Amino acid sequence: MFSATQSSKSEFLDRARQAREERQGSREKERCATQIQALVRRFLCRCRLQKQLRKEVDDYFQTSESGTTKRNALSIFKIARKLLFVYTPEDKLRFEKLCRAILTSMDVENEPKPDILQDNKLVTLYLSMLVSFTDTCTWRLLRGKGEALKPALTRICENIMGHLNQKGFYSTLQILLTCGLARSRPSLSKGTLTAIFTLSLRPVIAAHFSDNLLRSFLLHIMSVPAIVSHLNTLTPECMASLQTHDMLRKFILFLSREEQCVDICVCLEGSHTLCLLGNLIHLGFLDEKVLEEEANHFVKDLTDMLSYCQRYVSQKKSNLTHWHAVLGWFSQTVDYGLNESMPLVTKQLQYLWGTAVIRTLFSDVLSKKLESQEPSPSAQQPSTSQNNLPVKSLFKRAFQKSASVRNILKPVGGRRVDSAEVQKVCSICVLYQTALSTLTQIRLQILTGLTHLDELLPKLWAFICELGPQGGLKLFTECLNNDTEESKRLLAMLVLFCDCSRHLITILDDIEVYEEQTSFKIEELLTISSFLNTFVYKMIWDGILENAKGEKLELFHSVHGWLMVLYERDCRRKFTPEEHWLRRDLKPSLLFQELEKGKRRAQLLLQYIPHVIPHKNRVLLFRNIVTKEKESLGLVETSSASPHVTHITIRRSRMLEDGYDQLRRLPSNSIKGVIRVKFVNDLGVDEAGIDQDGVFKEFLEEIIKKVFNPALNLFKTTSGNERLYPSPTSYIHENHLQLFEFVGKMLGKAMYEGIVVDVPFASFFLSQVLGHHHSSFYSSIDELPSLDSEFYKNLTSIKRYDGDVGDLGLTLSYDEDVMGQLVCHELIPGGKTMAVINENKISYIHLMAHFRMHTQIKEQTGAFIRGFRSIINPEWLHVFSTPEVQRLVSGDNAEIDLDDLKKHTVYYGGFHSSHRVVIWLWDILSSDFTSEERAMFLKFVTSCSRPPLLGFAYLKPPFSIRCVEVSDDQDTGDTLGSVLRGFFTIRKKEPGGRLPTSSTCFNLLKLPNYSKKSILRDKLRYAISMNTGFELS
């Protein structure tokens, strides 16, 4: 009973709860249905309203387009409110119509014309809207009675601009400008560009040129590639606006604050910093007045920006670098989208080293007048007498004459280093030096621009000479030991001067340097070379170079580079007096002692400026090096061992062929060693005699005489001075390259043994043997006169041709007569179809010179060098110039020192120094023979017309004179009887009919015991003029 009552109660409660939940659910459904109905009704109502409003807008524009209703500002305002109320991206066309209606109602003129780009119509329209709504000047509403509203409406415009700036307005304009201008041909029309630039400038003006907006303008607008160039071309009125508001000055002063400049550089990537730099330089070029007034700040700004870029310029490719068309390998991100515009940016940068900007920046230097005075009448001498003066007096006279014309030879000093003028020039030099090290890919353009103004470098040199109380050299040597900022700036001036001057002299030909004396007078080059020589010497000898890094090392290479260009020019064609390059305060003995001890400064001196050491001492050093190598290779006779000897048998009738066959396969060390030669005569019989170096010398001389004979066509002679170089047609010999290698080995052997041979090489060929053509200072055109002076004159006449070179009908090819056939050589691929015009004539000249001296004989020269260097280490010859190596090959070109020859002469056959015939001989040589005849005499007895470089003490074998009584074929050497007869001048018969003879292999003169001095003179003169040697008696 009780349990039944409880069960019914639970059921009752469950039913009540369920009924309650059902009622709650019904109410929730009713509420949701009501809410859904409300949302649907609201959506439908909004759709109807939007549809109605759009219909009204469409009806309005349709009516307006039909022209039935005149549009006024109020109606447009009302319709604009309706459209903006319902605006979605689908309403772009209606918005475009609205913008056009607004512009029409405001009577706006000069609407930008759309161009060919897609969507450009909309861009143009929106730009026009923004131009109108950011300035009230064109509003018709404000004309007449509406003038009172202008302040309020202007404020509205300013608010609009402020709102736009907050929403990234400048970034959007930058994208628009970059897309339209960063290409080879700009796609923005004049109107569009004007509108964009006007919009970008208005906020800056409205904010009264505040730092914040100047920063935005520089970051987003002035960093657009070549925008100033495009503005100047398309919209001059925009450029006028920039000048009216003195924007360049404001930019310069803004960037002159270091924190602002760093901020700008950090925000911009390398490419955009370069673009900003180009635009600023272009503005400076266009506004000379501001540039002149703000030169110091302008220079500082550009230097700081270039220095920032320089931090990321790398010398080589790596995983962290990117290639940039102007900066080279760059370790910041590079915007490759700007590549198309880089030529225009480069053109803007070129204004920095253009004549106009250089004249403005270097005005203090260029305004200096070089002191001059009229030469005194007493200094003027008849030209005829000058021709007879010795070289030394000619140099002295040149110095006197030049000093009277341009008195800047001696560093006089007197200009204070801390003066504003000097500091300004230093800053400018630092700027250009920074540009050279940063803009690596256009470095040559910069150097060419700086050297274009002929007067700049001479006046800069005069300026340098006046620095400090005691002149330029003293000041700069003191700066070497200081690490102050002032010292670095002064040294930067010297570096710039050296880099530019080196570049200038490298591109000038001999006519411009020696005859026209372009830029520098010869006397100025003398003074400069003396300054550079001393400066480099002090850097090395004082130990500065040993620890030099960074700027100091760059300074050394610049000064040394300029010095070596002058030295090599002087080696080719002398302009300095004797001993000009020597350092009198350097003792060779001390230098050699330090070299023995391995002192670094001595090694560096020998590496960089060996010319400061007398030539004789360098030859001694070379001989010592060879001697040491011989000792190390065991090629020298000692008490405990004898060197290995190579024996060869040579048929006189086939000397070249036998020598080539037996020696070409020998290893280098065997050729360096002792070689004994046995000659076989035409009958096949061994010739009598033992080779104690004399026979090998004869063999070597005969081999060299044959291979260098132009008739063999291995070598040719240059036109004019008859000097030797490889023949381009040597390929007619089947094994011509092996022959060249063999010739190189033989010449190397002669030099190795100290045997001088009378082989005059063309200097351009010797330069290649020495490896000078790999130097960055080498110029093919400078060496061309040593090959063909007439051809050189013809090429340089093309360079100076004032008219259109195209009229000459030349192509980039060279036609040559090769054994009766005309062969066309293309200087570059397809060159015979490419005309030579004014733009490529310089390239044509250098290509032609390179072809004639390198390309044509590349294989022959390479083979010769391989052979030569297998005997002579090229590092041994580093201490010699090209003419000095020629002297090493062929002996000294100085006057023959008869006293030295007499001192080192050995007598045989009864002759002695007091013998009558010997006294006559020396008297004839010194008094009766000319210098040419003395040279012929030396060639007659030694086979070389020049004396040994170190004197006759080094002639091997020594020069000897022997008394002979019989003909050569009967001569069996000295006997007791012949010696006694010679000593006491007893003759079997009068030898008046016999001629003197010689054995050049032993440097031996065979002299009959003549009875009269006149007979000796006549016979000797006849013998040397016939150049017969042992062949004629």
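The report below covers the model, its cavities and an annotated site.

## Basis

This is a predicted model: local features need pLDDT of at least 70, side-chain atom pairs count only at pLDDT 80 or more, and totals for chains, interfaces and linings use all residues. Residues are numbered from 1 along each chain as its sequence is written, and side-chain values use heavy atoms, without hydrogens and water.

## Largest cavity

Five cavities of 30 Å³ or more occur in the structure. A cavity is a set of points on a 1 Å grid over the protein atoms alone where a 1.4 Å probe fits but cannot get out; lining residues have an atom within 4 Å of a point. A volume is the space filled by probe spheres set on the points.

The largest cavity holds about 90 Å³. Its lining includes Lys697, Glu701, Glu753, Tyr954 and Asn1003. By class, five lining residues are nonpolar, three polar and four charged.

## Second largest cavity

This cavity has a volume of about 70 Å³. Met239, Leu242, Gln243, Asp246, Met247, Leu248, Leu283 and Asp287 form the lining. Five are nonpolar, one is polar and two are charged.

Helix 10 (236-244) and helix 11 (247-255) each supply at least two lining residues. Helix 10 gives the most, with three. Helices are DSSP runs (H or I, at least four residues); strands are runs of E, at least two.

## Annotated site

UniProt lists Cys1001 for "active site", in an unreviewed entry; such annotations may be inferred rather than shown by experiment. Cys1001 sits in the loop between strand 12 (997-999) and strand 13 (1004-1008).

Cys1001 counts as buried because its relative accessibility is 7%. Buried means under 20% relative accessible area (1.4 Å probe, protein chains only).

Definitions and conventions. On a 1 Å grid over the protein atoms alone, a cavity is a set of points where a 1.4 Å probe fits but cannot get out, and a pocket is an open set with protein on both sides within 12 Å along at least five of seven lines; lining residues have an atom within 4 Å of a point. Ala, Val, Leu, Ile, Met, Phe, Trp, Tyr, Cys and Pro count as nonpolar, Asp, Glu, Lys and Arg as charged, and the others, Gly among them, as polar. Buried means under 20% relative accessible area, exposed over 50%, partly exposed in between (1.4 Å probe, protein chains only).
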